[in-house]
Amino acid sequence: HTLAAYAMAHAQGADYIEPDVVLTRDSVPICLHDLWLETTTDAARRFPDRKRGDGHWYAIDFTLEEIKSLRAFGRVPAAEREKQAGFQIATLEELILLVQGLNRTTNRKVGLLIESKGAAFHLKEQKPLEPPLLAVLTKHGHEGPDALTPIQCFEADHLKRLRNEYKTRLPLMFLTSRNLSDAEFDDVATYANGANPNRGVIEPKNGQPNRAFVEGAHR
């Protein structure tokens, strides 16, 4: 989740780029796969006293300025990190501007498939994810049902808040790692535009296509 990796994805022909989004202490949406920093940055070395009781350095405990000072890496061993220059964590706004610029220069329409991470966690921390996320998207013209910025999440309550409380008209997608019953699909349809399954749900089993999820979604 760095601008360099996103630019490479665009150059390789991706139709959509999927950033995971969490908040900083000053409520800036950033692109980060985990709620915590130590798995992909040098936060543990730089800020040894800032970990919580569970042993994690949470992004929500750091300002954007502090997070920008970190070196970001892939999920590689510590020894390999020492050989890398490191990159920088990107804000969602930086990613939007990057893709807009690349789309203009290549005459393409690459979208962003935004995954909200830990919406319930953010709510518990009294920093709801929805307002800052929608504010950045609205600032850059991503508002209606045709916007190439669908939001996906494993948490149905987050999607329901986006649709019903915050009245967003953006496409919403329910993430799931299992097949859904017809009744569950019916429920998802009340607040989302679709359901995005884990690849394991739709991959062929014993060489036979697994069509149950797609057929259920279509019904």
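1. Ala 4 counts as partly exposed, at 40% relative accessibility. Here buried means under 20% relative accessible area, exposed means over 50%, and partly exposed is in between, with a 1.4 Å probe and protein chains only. Ala 4 sits in helix α1, residues 3-11. Helices (H or I, at least four residues) and strands (E, at least two) are DSSP runs, numbered from the N terminus. Ala 4 and Ala 90 are 86 residues apart in sequence, yet their C-alpha atoms are 9.7 Å apart in space.

2. A note on the basis. This is a predicted model, in which local features need pLDDT of at least 70 and side-chain atom pairs count only at pLDDT 80 or more, while totals for chains, interfaces and linings use all residues. Residues are numbered from 1 along each chain as its sequence is written, and side-chain values use heavy atoms, with hydrogens and water left out.

3. The sheet is open and has six strands, in the order β3-β2-β5-β6-β7-β8, with mixed pairing. Two strands pair if DSSP finds at least two bridges between them. β3 and β8 (194-197) are the edge strands; each has a single partner, so one side of each has no neighbour in the sheet. Neighbouring strands are turned by 35° against each other on average, direction ignored. Axes are lines fitted to C-alpha atoms, for helices over the stretch in contact, and angles run from 0 to 180 degrees between N-to-C directions.

4. Strand β2 (residues 20-23) is covered on both faces. Asp 20 and Val 22 are buried on one side, Val 21 and Leu 23 on the other. β2 pairs with β5 (residues 114-116) in the parallel sense, over two bridges. With β3 (residues 29-31) the sense is antiparallel, over three bridges. Val 21 stands opposite Ser 116 in β5 and opposite Cys 31 in β3. Val 22 faces Ile 30 in β3.

5. β2 and β3 form a hairpin with five residues between them. Ser 27, in the turn, has a positive phi of about 60°. Most residues other than glycine have a negative phi. Two loop residues also deserve a check. Lys 167 is not a glycine but has a positive phi of about 55°. Lys 167 lies in the loop between α8 (156-165) and β7 (172-176), and is exposed at 61% relative accessible area. Asn 206, also not a glycine, has a positive phi of about 55°. Asn 206 is in the loop between α10 (199-202) and α11 (212-218), and is exposed at 81%.

6. How many disulfides does the whole structure have? The search finds zero. The cut-off for a disulfide is a pair of cysteine sulfur atoms within 2.5 Å. The sulfur of Cys 31 is 15 Å from the closest cysteine sulfur, that of Cys 153, so the two are too far apart for a bond. Cys 31 is buried, with a relative accessible area of 1%. Cys 153 is buried, with a relative accessible area of 1%.

7. The largest pocket has a volume of about 250 Å³. A pocket is an open set of points on a 1 Å grid over the protein atoms alone, where a 1.4 Å probe fits, with protein on both sides within 12 Å along at least five of seven lines; lining residues have an atom within 4 Å of a point. The volume is the space filled by probe spheres set on the points, which are joined across faces, edges and corners. The lining has 15 residues; His 1, Thr 2, Thr 40, Phe 73 and Gly 74 lie nearest the centre. By class, seven are nonpolar, six polar and two charged. Ala, Val, Leu, Ile, Met, Phe, Trp, Tyr, Cys and Pro count as nonpolar, Asp, Glu, Lys and Arg as charged, and the others, Gly among them, as polar.
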